[in-house]
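Take a look at it first, and then we'll go through its parts.

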Amino acid sequence: MEVYLDNNATTMVDPDVYKAMEPFFCEKYGNPNSLHRFGAGTHPKMVEALNHLYDGINAADEDDIVITANATESNNWVIKGVWTDKILNGDKNHIITSEVEHPSITAVCKFLEDQGVSVTYLPVNDEGTIDAKSVEDAIREDTALVSIMWANNETGKLFPIAEIGRICKAHDVLFHSDATQAIGKVIVDVQEVFLDFMSFSAHKFHGPKGVGGLFIKADVELTPLLHGGEQMGGRRAGTVDVASMVGMGLAMQHATNHMAIAYENTHVRKLRDKLENAILELPDTIVIGGKENRTPNTTLISIRGVEGESMLWDLNQKGIGASTGSACASEDLEANPVMSAFGSDSELAHTGVRFSLSRFNTKEQIDYSIEVIVNAVKRLRAISSSYAYTPKDHDSQL
Amino acid sequence: MAKGDLISGSIWDEYSEQVIRRMDAPTHQGEITEEEAATLGAKLIVADFGAESCGDAVRLYWAVNEETNEIISSKFKSFGCGTAIASSDVMAELCVGKKVEEAVKITNIDVEFALRDNPDTPAVPPQKMHCSVMAYDVIKKAAATYMNVDMESFETEVIVCECARVTLQTIQDVIRINDLKTVEQITDYTKAGAFCKSCIRPGGHEEKDIYLVDILADTRAEMEEERMKNAADAEENDTLTFDKMTIIQRLKHVEAVLDADVRPMLIMDGGNMEIIDIKENIPHYDIYIRYLGACSGCASGSTGTLYGIESILQQKIDENIRVLPI
């Protein structure tokens with residue numbers, strides 16, 4: 001059996017989405033900007049896709065949702081755009097973000113630091129989330145932008161976006177949220193919160209890879225990242241990938257339909273809880289960051305004595321795909337900041353395994369996964385030099 | 001960067017069958033108890049290396065015959081990735097039947113080689129090469145425990161790159177002999193830094209005591225210092241040629257010749273000259289000058305006088321000198 005439990009990395013394209021994209025490769029292949037029937041033929045479905053996107057996040061018609069190549073582009077655009085508009089051209093010189101953002105935020109901020117911009121990286125608290133108060137405390141006279149993710153990719157923890165939005169509004173600071181891990185998992189309503197920009201990516205909610213979006217609040221200016229043609233109302237140059245846009249639109253509609261029903265009780269949540277509870281029955285296992293306030297598809301579990309990557313090995317051998325925040329093959333062994341946030345027990349940093357589900361997972365898959373995981377834990381703990389597997393010889397946990 | 005770097009490889013395809021087999025079912029996993037060692041008439045040695053907080057820890061058990069120093073039985077336990085477990089397994093196996101003093105000579109290169117399916121194909125992807133290093137370190141720890149000596153006593157050389165086992169001495173030598181100027185060149189010549197890349201500069205996968213960037217900078221600085229010292233010594237002994245001089249030495253030398261053989265003539269005519277710059281323009285040395293006093297604006301400054309100055313400097317210093325008035 002093959003079981004894909006790494007949906008925070010990417011997702012399968014919804015078969016309906018794939019079908020909706022197909023005509024735009026060999027039939028309706030016109031350039032939407034062309035002044036002939038081939039170009040115009042793409043318009044109805046593009047409009048429909050845009051409607052799905054606006055509906056999915058409850059954007060107002062006055063707002064913009066610009067189609068980009070991915071959330072990485074959207075994130076780069078916001079930060080570099082605000083740098084151009086407020087820092088290079090004005091008296092602002094400060095950006096606030098968190099330590100646990102995606103590299104497309106933190107690496108851009110590091111780049112701007114090299115250009116002389118001051119950046120505050122807020123740490124997460126014991127529960128793996130950001131205190132809204134810490135954002136307020138960090139705001140200065142010259143703060144141009146606050147950028148805080150909606151949900152964390154590793155833990156699924158939800159950050160207090162509404163509260164941070166209110167704080168930014170009160171201090172007249174631009175607020176951006178990377179909602180890549182939130183869309184399709186929890187309700188994201190841009191009219192319920194004050195925010196100026198919001199990034200997302202289609203392939204995290206069963207859309208195609210290579211397309212994303214940036215929500216820009218009505219009347220908020222942002223210098224383009226890509227200059228060129230007048231596509232997207234002049235906000236972003238480059239011929240729109242019609243197939244991908246159509247795919248993202250439908251994916252958004254499906255994802256938000258599936259979730260809006262009361263996400264607490266969705267299929268994916270039940271499966272996640274079943275998997276999580278079964279693993280927690282094993283001794284010395286904990287959910288990192290706790291169970292509260294999370295996306296319903298994600299669990300990051302520490303299994304004491306079992307190195308994360310060795311766990312992935314055993315899972316992969318049995319057809320299961322999951323992820324670890326501490327793969328020792330990665331260039332930087334520094335455990336990821338989310339894991340480090342639970343710093344008192346640095347041993348846990350290398351024992352985290354993340355399972356992220358989707359609505360396409362089945363009960364049978366989860367039953368199979370539980371069986372495989374339990375066996376893998378037993379096997380790897382028996383090999384482990386740091387887990388007491390024979391109580392006879394080890395009273396303490398070495 | 002090049003074509004091969006653009007799409008990251010799937011590490012799963014790069015493990016040898018041996019690595020996979022040993023990770024899936026290690027043959028030497030487990031522990032040796034005091035009783036088991038006693039039954040074998042052997043001394044039990046338990047050595048730990050690494051720490052769970054660093055992501056890698058291994059424990060090695062040996063039963064050693066104290067009369068012959070032979071390792072009769074060898075087992076391991078490991079907190080680590082698949083490569084770490086497979087490496088520990090083959091390492092424990094390699095120890096069996098060896099005398100302790102022989103086992104100490106097993107390196108991570110031997111461990112990796114033993115994991116290969118065929119001699120020409122690496123057993124693990126490059127970024128996993130360092131995972132076999134710990135298997136090698138723990139042997140030394142066990143041997144040190146058994147022989148009751150310090151682990152460092154087995155280290156006769158400073159290893160900079162553990163993946164490829166390249167010593168500090170080797171790296172310093174290739175920099176000097178080949179006049180290397182970049183870290184990439186060092187990697188091309190020695191393979192140091194080709195695998196996990198931790199030893200190249202701080203901030204990599206593992207923290208190191210010494211990095212290639214520093215060795216390069218230090219060695220280049222030493223080479224430069226030696227060059228200067230040689231130049232100064234040669235000047236003292238009057239054996240220094242113009243091409244070996246430092247820029248200051250060149251300037252002083254040219255000034256001295258000008259003072260002795262050129263300026264007196266210019267001054268008699270109410271003029272003078274100064275040096276603006278000396279540029280190396282291989283194969284030439286371009287000396288930029290400015291005429292002063294009566295010489296400036298004198299027609300001969302670009303003809304006869306100029307040729308005169310140039311030929312004196314060429315005769316007295318170096319035939320490749322050109323004089324350029326500005």
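Predicted model: local features only at pLDDT ≥ 70, side-chain atom pairs only at ≥ 80, totals over all residues.

Helix α8 (residues 168-178) of chain B packs against helix α9 (residues 183-190) of chain B at about 110°, and their axes are 10 Å apart. Angles of 65 to 115 degrees count as roughly perpendicular, so α8(B) is roughly perpendicular to α9(B). Which residues in α8(B) and α9(B) meet? From α8(B) come B:Thr170, B:Ile171, B:Val174, B:Ile175 and B:Asn178, and they meet B:Ile186, B:Tyr189 and B:Thr190 in α9(B). Sorted by class, this contact of α8(B) with α9(B) has 5 nonpolar residues, 3 polar ones and no charged ones.

Helix α11 (residues 308-317) of chain A and helix α13 (residues 363-383) of chain A pack at about 130°, with 10 Å between their axes. That angle makes α11(A) oblique to α13(A), and α11(A) passes α13(A) in a right-handed crossing. On the α11(A) side the contact is made by A:Ser310, A:Met311, A:Asp314 and A:Leu315, while α13(A) brings A:Val372, A:Ala376, A:Arg379 and A:Leu380. Those residues divide into 5 nonpolar, 1 polar and 2 charged.

Here are the two pairs in a table:

| Helix pair | Angle | Axes apart |
|---|---|---|
| α8(B) and α9(B) | about 110° | 10 Å |
| α11(A) and α13(A) | about 130° | 10 Å |

Now zoom out to the domains. Chain A is divided into domain 1 (15-259) and domain 2 (263-383), and the C-alpha centres of these domains of chain A lie 28 Å apart. Their contact takes 21 residues from domain 1 of chain A and 19 residues from domain 2 of chain A. The side of domain 1 of chain A that touches domain 2 of chain A has 9 nonpolar, 7 polar and 5 charged residues.

Chain B is assigned domain 1 (10-154), domain 2 (157-238) and domain 3 (243-325). The centres of domain 2 of chain B and domain 3 of chain B, taken over C-alpha atoms, are separated by 40 Å. Here 4 residues of domain 2 of chain B are in contact with 4 residues of domain 3 of chain B. On the domain 2 side, the residues are 3 nonpolar, no polar and 1 charged.

And how do the chains meet? In all, 27 residues of chain B are in contact with 21 residues of chain A. α2 (17-24), β2 (56-65), β3 (70-79) and α4 (82-95) of chain B each supply at least two residues of the chain B side, and β2(B) gives the most, with 4 residues. By class, that side of chain B has 10 nonpolar, 9 polar and 8 charged residues.

Helix α10 (residues 212-236) of chain B has 25 residues and reaches 36 Å from its first C-alpha to its last, close to the 36 Å expected. After α10(B) comes B:Asp238, with a positive phi near 65°. A:His206 also has a positive phi, about 70°, although it is not a glycine; A:His206 sits in the loop between β7 (197-201) and β8 (212-216) of chain A. Finally, B:Ile282 and B:Pro283 are joined by a cis peptide bond with omega about 5°, and B:Pro283 lies in the loop between β6 (271-281) and β7 (284-293) of chain B.

Key:
Residues numbered from 1 in each chain as written. Chains lettered and ligands numbered in written order. Contact = placed C-beta atoms within 7 Å. Nonpolar A, V, L, I, M, F, W, Y, C, P; charged D, E, K, R; others polar. Expected span 1.5 Å × (residues − 1). Domains from an automatic or database assignment. Axes fitted to C-alpha atoms, helices over the stretch in contact; angles between N-to-C directions. Parallel < 35°, antiparallel > 145°, perpendicular 65-115°, else oblique. Left-handed = near helix turned anticlockwise from the far one by under 90°.
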